[in-house]
Amino acid sequence: MAINDPLAIAIENLGFRYPGNPDMLFTKLNLEVAKGERFGLFGPNGAGKTTLISLITGLLSANGGHIKLLGHEIGTRDHSVNKLFGYVPQDFSFYQELSPVENLEFFGAWSGLNKQAIKKRTDELLHILGLEDVRDKQIEKFSGGMKRRVNLAIGVIHDPEILFLDEPTVGVDVQTRHAIINYLLELNKQGTTLIYTSHQLSEAEGLCRQVALIDDGKIIAQNTLDNLLREYKQDNLEHLFLNLTGKEYRN
Amino acid sequence: MFKLGATILKDIRILLRDKVGLSLMFLMPVLLVIVVTNIQNSTFQLVSKNKLSILICNRDTGQASKQLIAAIGKIGMFKVSQIDGGQNGKQIADAMHQQDAVLGVIIPANFSSKVTAKSKSIAGKALTSFGLQGDTLKKAGDIDPLTLYYNPVLQESLRLSVGGAVRSALQLVESRETLRSLYFSINEKPMPQKLEDEMLNNKTTINEVPVSKDGTRITPNATQHNVPAWTIFAMFFVIMSLGGSVVREKISGSFIRLKTLPTSYLVAILSKQIVYLGVTILQAAVIFSIGVWLFPFMNLPALNLPSDMLALVVITVVCGWCAVSYAILVAVFSKTQEQVNGFGAISIVILSAIGGLMVPSFAMQGFFRNAANLSPMHWCLDAYYTLFLEGGKLKDIVNNIIPLFIITLLFQFVIILGLKRKNLI
């Protein structure tokens, strides 16, 4: 699959509404993310972050517009476009009855890798993420931090061009967070585009170069973090977030 | 193929670690087969080998009642006990409960004298009709009816056959008296015993031949009936494990990741079908093996396997595939594990009831007789009985395999529709 497109993600006039809901969540939404970028998507609860990522990864189907990943249209019956990206959902997305190795064997195969590649990547990832000692143990008994690392390992087993990360460090200790963020920065150095979403804005400041704020289904601000802070005269991302989205509760 | 192989391996690993699911699929059906066969074997023996206990309250003092009691004893299906002739109906019922007798008969007072009087009257009429001088003046009154008490647990069919047997004993006594009267009226001396025996004893024997396809004589017993029937039930009961597995995967986070990967979810469905088809075949093998090798040690009749093993394998595979397809069908349309377990278990019991696993479908009437054709279990059970009880071959069960196959394909079609509708493929 050719991946010469300079844009990792190109969204054009995206329209979407949930079945049974008369109101459109997205109307003619446009978004571009450059290849190799560390992109953060932030917004209050219900703003549309998870829905947007679900549309980009093909979990949901759009009602209009186009979504392209590295120039390839999403939403077609061609599954090969799914090889281009990895997804690390907020929920633990693996089989807890199995060991890390068994999970990586299975998800590696489903990601299109052959037996040798799976073995090589499994050994590499378990080493990098500090899971070698528990490689053959059932995940059920793992701590939250260990499960987060397994969740991440599965998402990158096939060395994707674009990596979607939904709250990848929620509920983990400082050491695990540090290890995960460092690994993500290392992946980015090697050329992986990171699409990150989280409510942990201090963590995002260290990880993201480009930031987009979404509210009520609309992109209300998008630029580099430094430019946005300068433009809105704020000293950190959290203040910027509250300034643009307000302080009232969101349901 | 590599993706399918990896998925099959994953499903086998998860299955082997699901101890509850495994015991539901193997231990429970084995227990079910053993318990049901044991209970039915006792009933079978009660009916076929043990004699039915009958209490006779004889209020008569003559010979005819004694002959009647002897005739009932000679039938061979009763263990006759006599109680005091002075007892009333309530006392007889109490005595039946105390002595575990399922039947009681009251022979009325003056039974013998009325039988004799009626016989003489009939003999007189017969002689007159032959043109001989007969004693037609004597008018005989009707014989007072015998009273038959029975335990309500006795099945209708068994009660009818008991009634028939007692009636035939009664007929024998009456016929003997009539013959004796006739002979005495003509010859003025008692009828010789030898002649009486020749005239009354039925000389025509009845050969009983079980109708089997291959000419073998497999005696139907609790094992031959129950093992195939409950094996089918066990195969369909995989819904508890397989349905739960599909729904668990659907509502777990792993499913979201699967949907983002460059592989169709059909691979996961195909893998589950292959793994659980193996489970159903293994279930059948385990239950049949227990029937063949373990039942004799449990004082149960051993299971006789059909002579056509290929036919047994074919119908087992098709039945297993149908069971697996049904489980996946229910799981695709269920949103929670509670839904699949609740609906799955109840629907399997209903399908087995209308399919003839609990009551033979030939005994059903009207709507339910036609509804049996809609249950895949009916076609499978019919095929198993053709093989296990009638000694049938593959060609004899083709008419069962085809509808079962069509039902399975229908299930598969609806599974695909469901997956498409839910945007899973």
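Predicted model: local features only at pLDDT ≥ 70, side-chain atom pairs only at ≥ 80, totals over all residues.

Reader: Why is the pair of Phe85(A) and Phe164(A) called edge-to-face?

Author: Ring centres must lie within 6.5 Å to pair, and planes over 60 degrees apart count as edge-to-face. The centres of Phe85(A) and Phe164(A) are 5.7 Å apart and their planes stand at 85 degrees, so this pair is edge-to-face. The pair links distant parts of the chain, with Phe85(A) in strand β6 and Phe164(A) in strand β7 of chain A, 79 residues apart. Both Phe85(A) and Phe164(A) are buried.

Reader: What makes the pair of Tyr95(A) and Phe107(A) stacked?

Author: Planes under 30 degrees apart count as stacked, and here the planes are at 20 degrees with the ring centres 5.9 Å apart, so Tyr95(A) and Phe107(A) are a stacked pair. This pair, too, links distant parts of the chain, since Tyr95(A) lies in the loop between β6 and α2 of chain A and Phe107(A) in helix α2, 12 residues apart. Over all chains, the search of the whole structure finds 16 aromatic pairs.

Reader: How do you know that Arg257(B) lies over the face of Phe107(A)?

Author: The distance part of the rule asks for CZ of Arg within 6 Å of the ring centre, and Arg257(B) lies over the face of Phe107(A) at 5.7 Å from that centre. Within chain B, Arg159(B) lies over the face of Tyr150(B), at 4.4 Å from the ring centre.

Reader: What makes Arg13(B) and Glu102(A) a salt bridge?

Author: The cut-off between the side-chain nitrogen and the carboxyl oxygen is 4 Å, and the closest N and O atoms of Arg13(B) and Glu102(A) are 3.5 Å apart, which places the pair among salt bridges. Across the interface of chain B and chain A, the rule finds 3 salt bridges.

Reader: Which element gives the most to the side of chain B that touches chain A?

Author: That element is α1(B), which gives 8 residues. In total, 27 residues of chain B are in contact with 34 residues of chain A.

Reader: How much area is buried between chain B and chain A, and which residues of chain B lose the most?

Author: About 2,700 Å² is buried between the two chains, with carbon and sulfur atoms giving 63% of it. Arg257(B), Thr260(B) and Pro262(B) lose the most area in chain B, together 26% of what that side buries.

Definitions and conventions:
Residues numbered from 1 in each chain as written. Chains lettered and ligands numbered in written order. Heavy atoms only, no water. Phe/Tyr/Trp six-rings, centres within 6.5 Å; stacked < 30°, edge-to-face > 60°. Helix = DSSP H or I, 4+ residues; strand = E, 2+ residues; numbered from the N terminus. Buried < 20%, exposed > 50% of the residue type's maximum accessible area, 1.4 Å probe, protein only. Lys NZ or Arg CZ within 6 Å of the ring centre and 35° of its normal. Contact = heavy atoms within 4.5 Å. Buried area = accessible area lost by both parts, 1.4 Å probe.
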